[in-house]
Protein chains: 6
Amino acid sequence: MQLHQSSWPEVEAYLKRSRGIVIPIGSTEQHGPNGLLGTDAICPEVIAREAGEEAGFLVGPTFNVGSAQHHLGFPGSITLRPSTLIAAVNDWIDSLVRHGFTRIYFLNGHGGNIAPVNSAFAESYSAWSFDGEACPYQLKLENWFTLPGIQDLVKEMFPEGEGSHATPSEVSVTYYACPDAQKSVEMSPKLAPTGPIRDAADYRGRFPDGRIGSDPSQASPEKGARIVKAAKAALIGEVEAFFRA
Amino acid sequence: MQLHQSSWPEVEAYLKRSRGIVIPIGSTEQHGPNGLLGTDAICPEVIAREAGEEAGFLVGPTFNVGSAQHHLGFPGSITLRPSTLIAAVNDWIDSLVRHGFTRIYFLNGHGGNIAPVNSAFAESYSAWSFDGEACPYQLKLENWFTLPGIQDLVKEMFPEGEGSHATPSEVSVTYYACPDAQKSVEMSPKLAPTGPIRDAADYRGRFPDGRIGSDPSQASPEKGARIVKAAKAALIGEVEAFFRA
Amino acid sequence: MQLHQSSWPEVEAYLKRSRGIVIPIGSTEQHGPNGLLGTDAICPEVIAREAGEEAGFLVGPTFNVGSAQHHLGFPGSITLRPSTLIAAVNDWIDSLVRHGFTRIYFLNGHGGNIAPVNSAFAESYSAWSFDGEACPYQLKLENWFTLPGIQDLVKEMFPEGEGSHATPSEVSVTYYACPDAQKSVEMSPKLAPTGPIRDAADYRGRFPDGRIGSDPSQASPEKGARIVKAAKAALIGEVEAFFRA
Amino acid sequence: MQLHQSSWPEVEAYLKRSRGIVIPIGSTEQHGPNGLLGTDAICPEVIAREAGEEAGFLVGPTFNVGSAQHHLGFPGSITLRPSTLIAAVNDWIDSLVRHGFTRIYFLNGHGGNIAPVNSAFAESYSAWSFDGEACPYQLKLENWFTLPGIQDLVKEMFPEGEGSHATPSEVSVTYYACPDAQKSVEMSPKLAPTGPIRDAADYRGRFPDGRIGSDPSQASPEKGARIVKAAKAALIGEVEAFFRA
Amino acid sequence: MQLHQSSWPEVEAYLKRSRGIVIPIGSTEQHGPNGLLGTDAICPEVIAREAGEEAGFLVGPTFNVGSAQHHLGFPGSITLRPSTLIAAVNDWIDSLVRHGFTRIYFLNGHGGNIAPVNSAFAESYSAWSFDGEACPYQLKLENWFTLPGIQDLVKEMFPEGEGSHATPSEVSVTYYACPDAQKSVEMSPKLAPTGPIRDAADYRGRFPDGRIGSDPSQASPEKGARIVKAAKAALIGEVEAFFRA
Amino acid sequence: MQLHQSSWPEVEAYLKRSRGIVIPIGSTEQHGPNGLLGTDAICPEVIAREAGEEAGFLVGPTFNVGSAQHHLGFPGSITLRPSTLIAAVNDWIDSLVRHGFTRIYFLNGHGGNIAPVNSAFAESYSAWSFDGEACPYQLKLENWFTLPGIQDLVKEMFPEGEGSHATPSEVSVTYYACPDAQKSVEMSPKLAPTGPIRDAADYRGRFPDGRIGSDPSQASPEKGARIVKAAKAALIGEVEAFFRA
């Protein structure tokens, strides 16, 4: 069940049987020569949607621009400053809490979001902690790529060249989700370099085509389908446990 | 051409032939008994996408949660505080300007966004105006429903019951975009009441099912198709003029 | 009755018979070769003051610097960033609400304030909408130049050259209010150019002497008196209706 | 010369002979049973205006709502949060600096503004200090009541009952400036109590009619005239020295 | 009793006998050729610690970086923008109030903190003043160097060359607290120049070695011991009176 | 070499041989029945100080209050909201960068700081990434307890009851640093419970005496000395590598 395709009476009815919601959260940032700028938003979106359809939980709209300042050296990347992200995530939380949601699960597609989203959670809890009242809701952030079993599966599928940015696994998921957007691009070197992440100029200097340690030419829709299937099952387990907690 | 389905080299190539981009901006808020919570995001998104495909301009990700505090009385509505929206829109602008975009056209689907987005534009221009340097980019906000010819078409299609919120025209556009999400709901009274917009409690009191002055039971995918076709043509004209300006 | 010339016991007494107040809100910005920098503050101030004296309602201090970044290319213009204006208007609102005012009517003199003041209102209502409590007050923004009948009167008085900035009507009102500040200046061309408003450098390039589409050499105190008289009557009607609402 | 009654070419001409401006800054807050809510804005405004007329310097619009949270227990008082005041004062400074002003002298009428205005100055200087560039402008805050000679004069005029809030000296200045607004009110006790200033509830408890240590029944327009005359002369000396510095 | 060396049950027990706490607040900024960068934090810290040990009151952690933008021209100086300091001080206050502290006494070591800390207090009180509820706590700021008797003592000890920054008295206190950090440096001129404080570049130009009007070569640990002893006694008196108030 | 015990000429001299600095960053929060509220600040402070003395690098003042909203249920805990922490850390960074520091290494003592400090770094880099200029400095966050070899050592020293909050290892380090502050307290159960961290009320409910999974009764100054010795050596290696990078 997708919130943005539901009417308010349908959400009202849903709230009578569940107080939980899943929010896909991603980023709009370069993903190398053959990866989509929307990769980090598309991945959690498709996994959450399929899981929500199968298990009957509600999936909110995708928070599609995250914290990606280090990618600004590559055309098309869009970022929020961390302070803006914290404010925006809190507005989303406050809105959902207003309706009675008590379990808000963010399914994340972007490593750069982890710190600011966790900061946003601490900002949200702070209001209650200063007041001394018990906070009536629980917040959870989980990356789709660290869901139970996914790292093992990916390692098996891509024993070499998974890397850490513009990975064959995430590109596969987007090719599965958007088969018409597949791109065939020569990449050299085959395996991208690795290193630390700082500002945009430093990043572009270290990682000239945007990839970090990866060989995404291995990506395919079929591989994406396999990953999504596994992630969907893992997500359902996690979400159901969280909603019950 | 959609940014989130493009790679960065594709956007880099696009920037060699155009410096303009269209950003759909909407809201996630109740749209009456048979309207989708995502209506105001879906409408500009589908119109911009079809226009972008036809005319070859770039369409960015959809800014899908806007300023909708007055709808918080209805489950599923999500809002940004205006101050958050201003910060977020400025981060999007700053990111795009970083890449060399000089014409940023926001295609809007929600009346409540007009004031804060225009405030965001003034905030963006302020930096240049204080500095005294000429701002290198131009910003434009246009609602899809006030594109040339659309009001006349809609008036012709819905001589009665267009109203101002949860309108048959916008619901039609979403039914065209998401035919599986159509909902058949009895509404009473046929024509919703009208009145001013203030806070959420006041809104829910005045407009018990969320509609304002409208009869969206007239909506259909076919009508949506007709509106989208007209809006697409109008948008192409507007965007091309703006990019040339 | 003017708040800043009243004592607190007088305001306390006023609150026993009325919960409404009018706040003139303007700007400090260039108004062409013969217009005063304070035009947009002086106009609503004089109209509100005369109306308040006649009808007995309370008029607050004038919010005299607004959102005018586009005028910074002309010496003397002062602006608030929109985000600052939103914070300041909310502090004024919160102060007045603290005393029991439930109807706050902003009489505006500057087009550039419309978006940020409406954003400020949405920010103010947001607190209540998130909480779910009914907001105990109502906010209203009205421009003096769009009060009932004013546009028609102005069109009749200045069939040509009213334009949209540094207009003969607003300059007339200030000449009526501050007769000693009249200025006689040759202007060329007689009718100023028109065009869009962006940042300050762009504005100064398009509108070299600050006017937009206007011929304010037609201004006179007598014409100002006639406009103020009409606006005063219109304002009293609007305010009384709003206070009763 | 008053900025808000000048045109931009007049300010442009002024800037060729002087780079200095005086900004009256006050507050809108209760001033006891017979004092005006606008007292702290009216006092610096009238003194600056008369001094500016005599000495030919430019006087900007009055910053008329300051930091007065402790007076919110009395109807009509309006305050900015200190953080808002800091932002607003910085926007005023940035605007004036944009035009080439290099000496900005704030003539203050309210003790509660001293801390936040000085904080605003430090915030303004901080930008330059972090950058390492020399700041091209100087900021100065002076209270009209601490101008050279004023304390002595006031002590002589009101050997008893000057107190520290709603003083006979400031009420006299407003009666001189606004003779029609004089109020005759019995006050008891004759001398108001004294004590510390904290939040609004505490203030109202300690100072039931708003006065602190004062007997403003001694106020008169004639006394106000004498004070204004002395303050005007003192201000001219101070301002001329500052503009030359 | 020092908070950071106590356990929470010990603080819980303390709160049963007292609701007051002392927070040393200083700055990290240049203090001339022989003064420590931590001078303004070390002085109130050592005085508060010794007083707290003697009198049994609780001393919180030291707020060790304050508002010192004007010292940024000298290596090692660290500053908070005033707006940051206001936010941080409010977070400290809110935390302590959460535990039931009702008297929070800031012992200050730096003149530049006075305006922003008082602004922070006004910001803190504002929340209560807008709400209309009585604020349950009292805040107090006192400089160690203006405690009763200290100015006289210092004048006696340093009849010449006390000055106003990098003073022999404060350097003495730090030499007493950190005898190993004493520095012997030739300074010329013996007495540093005096003047106003603005931005960092201006400061470094006026005061080339960082001192203002002082001759800190007179400093010694023995003199520091004498000052601390006097300040400790004065502080105990002040704190006990404040906690009882 | 400690910044707060140095003079500015000493820091100036240091900058000629090194552009790196270490900032201990901690928290003020409950650490169970026998742990100090200052634990998380004291640990990185003592380790950084000893390492700095041995290896000759500069150690800045300790950032002693961090992000600890979840501990507000225990008396004495003090927290910054994450948004405040981000602003404050950026002010520290901007100050140090102003002096020419290009390597800023934060040695952290508190898990709750990781997300907001990393967010602060992203906020800092964002300014450069938006501008497109290469950022001239590098920022690094490392926890003392995850320095190379420390986890292994701790596991060996405390095979049972290390837990994750109020651990015997951190309490040992503070007992080594502040032997007079040792506390002997019965704790029951011996091993504290474990679980997730949310708001303060939830935390106090789950972890009644503040500990998570730990048995800090094993702490001793001797064990602390051993840990500090190992951490000192590890830190020197890390810092030297970072300064060279």
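The legends below describe close-up views of a predicted model.

Residues are numbered from 1 along each chain as its sequence is written, and chains are lettered from A and ligands numbered from 1 in the order in which they are written. In this predicted model local features need pLDDT of at least 70, side-chain atom pairs count only at pLDDT 80 or more, and totals for chains, interfaces and linings use all residues, while side-chain values use heavy atoms, with hydrogens and water left out.

**View 1. Helix 5 and helix 8 of chain B.** Helix 5 (residues 150–157) of chain B packs against helix 8 (residues 221–244) of chain B at about 160°, with the axes 10 Å apart. Helices (H or I, at least four residues) and strands (E, at least two) are DSSP runs numbered from the N terminus; axes are lines fitted to C-alpha atoms, for helices over the stretch in contact, and angles run from 0 to 180 degrees between N-to-C directions. The angle therefore makes helix 5 of chain B roughly antiparallel to helix 8 of chain B (under 35 degrees counts as roughly parallel, over 145 as roughly antiparallel, 65 to 115 as roughly perpendicular and the rest as oblique). On one side of the contact (heavy atoms within 4.5 Å) are B:I150, B:L153, B:E156 and B:M157 of helix 5, and on the other are B:K223, B:R226, B:I227, B:A230 and B:A231 of helix 8. By class, this contact of helix 5 with helix 8 of chain B has six nonpolar, no polar and three charged residues. Ala, Val, Leu, Ile, Met, Phe, Trp, Tyr, Cys and Pro count as nonpolar, Asp, Glu, Lys and Arg as charged, and the others, Gly among them, as polar.

**View 2. Helix 3 and helix 4 of chain A.** The axes of helix 3 (residues 82–98) and helix 4 (residues 114–131) of chain A come within 9 Å and cross at roughly 55°. Helix 3 of chain A is therefore oblique to helix 4 of chain A. Residues of helix 3 in the contact include A:L85, A:I86 and A:V89, and those of helix 4 include A:V117, A:A120 and A:F121. The residues of this contact of helix 3 with helix 4 of chain A divide into nine nonpolar, three polar and one charged.

**View 3. The interface of chain A and chain B.** The contact takes 51 residues from chain A and 51 from chain B. About 4,100 Å² is buried between the two chains, 60% of it from carbon and sulfur atoms; buried area is the accessible area (1.4 Å probe) that two parts lose on being put together, summed over both. Six salt bridges cross the interface of chain A and chain B (a side-chain nitrogen of Lys or Arg within 4 Å of a carboxyl oxygen of Asp or Glu). B:D91 forms a salt bridge with A:R81, with the closest N and O atoms 2.3 Å apart.

View 4. The side chains of B:D215 and B:K190 meet in a salt bridge at 3.2 Å, N to O. This pair links distant parts of the chain, 25 residues apart: B:D215 is in the loop between helix 7 (200–206) and helix 8, and B:K190 is in the loop between helix 6 (168–177) and helix 7. B:P189 also lies in the loop between helix 6 and helix 7 of chain B, and the peptide bond from B:S188 to B:P189 is cis, with omega near 5°.

**View 5. A positive phi in chain A.** A:A166 is not a glycine, yet has a positive phi of about 60°. A:A166 is in the loop between helix 5 (150–157) and helix 6 (168–177) of chain A.
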